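Student: I would like to learn how to read the features of a model like this one. Can we go through them in turn?

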Amino acid sequence: MKIASTAVFAASLTAALLSVSSSAFAQTADGMRETVMERFFRGQTQAQGTFRAINGTRRDLDIALRGTVTKTGLTLREDIRYDDGQKERKTWHFLRTGPATYSGTREDVIGGTTVRVDGNVVRFNYLVDLDPGPKQDIYRFFDTLTFSRDGKTMSNTAVVWKTILPVARVKIDFRK
């Protein structure tokens, strides 16, 4: 009886792990395993979002993204246009460090970030100096990317902290 229940438990655990693995990874033609990040961001992607601060500031934005997948990871160029006409270009470089982890860098990110993929959810946090001049103005972003099961949309929610206080929220919706 104990052996049967152990076998059922082991089979259930194996099935659960396989279902998680299949949603987190896909095999490419050259045998490389891609995570949901590489599958979604390959090529062109569009996004719209809103930045809302606790002081009442609100900025709407549109983003055109270009993702290039390499054998070592993903490069993601973001062309951002704010509703007031301001434009920015940011480029993420994600270097694969494990089956479901990356090291991420961007020109305005201090010290980089570790990205963790868990099925259809990706989490990372990073420091940004929002004042590129001699006086630093450091904020920490906590991003959570949630990919749809159909692979056509993704939602990014971020909470922005200044020292020990949350000061803003960012919500961006991506579509292929």
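## Reading the model

Tutor: Buried residues make up 37% of the 176 residues in the chain. Keep in mind that this is a predicted model.

Student: What secondary structure does the chain have?

Tutor: The chain has two helices and 13 strands.

Student: How much of the accessible surface belongs to carbon and sulfur atoms?

Tutor: The accessible surface of the chain comes to about 10500 Å², and 58% of that belongs to carbon and sulfur atoms.

Student: What share of contacts join residues at least 24 apart?

Tutor: Counting contacts between residues at least 6 apart in sequence, 31% join residues at least 24 apart.

Student: How should I read the nonpolar core?

Tutor: In soluble globular proteins, nonpolar side chains tend to be buried together. Here the largest nonpolar core has 36 residues, and those with the most contacts inside it are M37, F41, F94, V122, F147 and F174. Strand β13 (residues 165-175) gives the largest share of this core, five residues.

Student: Which residues does V122 touch?

Tutor: Not counting residues up to four places away in sequence, V122 touches V36, M37, V115, R116, V117, D143, T144, L145 and F147. Two of these, M37 and F147, are also on the list of residues with the most contacts inside the core.

Student: How do I read the aromatic pairs?

Tutor: Look at the distance between ring centres and the angle between planes; planes over 60 degrees apart count as edge-to-face. The count comes to 12 aromatic pairs. One of them is formed by F40 and F41, with 5.1 Å from centre to centre and 90 degrees between the planes, and this pair is edge-to-face.

Student: Are F40 and F41 buried or exposed?

Tutor: F40 is buried, with a relative accessible area of 3%. F41 is also buried, with a relative accessible area of 3%. A second pair to look at is W92 and Y126: the ring centres are 5.2 Å apart and the planes are at 80 degrees, so this pair is edge-to-face.

Student: Where in the chain do W92 and Y126 lie?

Tutor: W92 is in strand β6 (residues 87-98) and Y126 in strand β10 (residues 121-129), 34 residues apart, and the pair links distant parts of the chain. W92 has a relative accessible area of 4%, so W92 counts as buried. Y126 is at 5% relative accessibility and is buried too.

Student: Which residues form one aromatic cluster with W92 and Y126?

Tutor: The cluster is formed by W92, F94, Y102, F124, Y126 and F141.

Student: Which charges sit over rings?

Tutor: Here the idea is to find a charged end placed over the face of a ring. The charged end of K162 sits over the ring of Y139, at 4.8 Å from the ring centre. K176 lies over the face of F40, 5.8 Å from the ring centre.

Student: Is R106 buried or exposed?

Tutor: The cut-off for buried is under 20% relative accessible area. R106 has 14%, so R106 is buried. R106 lies in strand β7 (residues 101-106). Leaving aside neighbours within four places in sequence, R106 is in contact with E78, K90, T91, W92, Y126 and V128. The contacts of R106 thus include W92 and Y126, the edge-to-face pair described above. The side chains of R106 and D108 are joined by a polar contact of 2.6 Å.

Student: Which residues is I54 in contact with?

Tutor: Leaving aside neighbours within four places in sequence, I54 is in contact with P166 and V167. I54 lies in the loop between β3 (43-53) and β4 (58-70) and counts as exposed, at 68% relative accessibility. The C-alpha atoms of I54 and A168 are separated by 5.8 Å, although these residues are 114 apart along the chain.

Definitions and conventions. Residues are numbered from 1 along each chain as its sequence is written. This is a predicted model: local features need pLDDT of at least 70, side-chain atom pairs count only at pLDDT 80 or more; totals for chains, interfaces and linings use all residues. Side-chain values use heavy atoms; hydrogens and water are left out. Rings of Phe, Tyr and Trp (its six-membered ring) pair if their centres lie within 6.5 Å; planes under 30 degrees apart count as stacked, over 60 as edge-to-face and the rest as tilted. Buried means under 20% relative accessible area, exposed over 50%, partly exposed in between (1.4 Å probe, protein chains only). Helices (H or I, at least four residues) and strands (E, at least two) are DSSP runs, numbered from the N terminus. A charge sits over a ring if NZ of Lys or CZ of Arg is within 6 Å of the ring centre and within 35 degrees of the ring normal. Contact means heavy atoms within 4.5 Å. Accessible areas come from the Shrake-Rupley method with a 1.4 Å probe; for residues, only the protein chains shown count as cover. A nonpolar core is a set of buried Ala, Val, Leu, Ile, Met, Phe, Trp, Tyr and Cys residues joined through side-chain atoms within 4.5 Å. A polar contact is a pair of N or O atoms within 3.5 Å; within protein, one must be able to donate a hydrogen and the other to accept it, and residues adjacent in sequence count only if both atoms are side-chain atoms.
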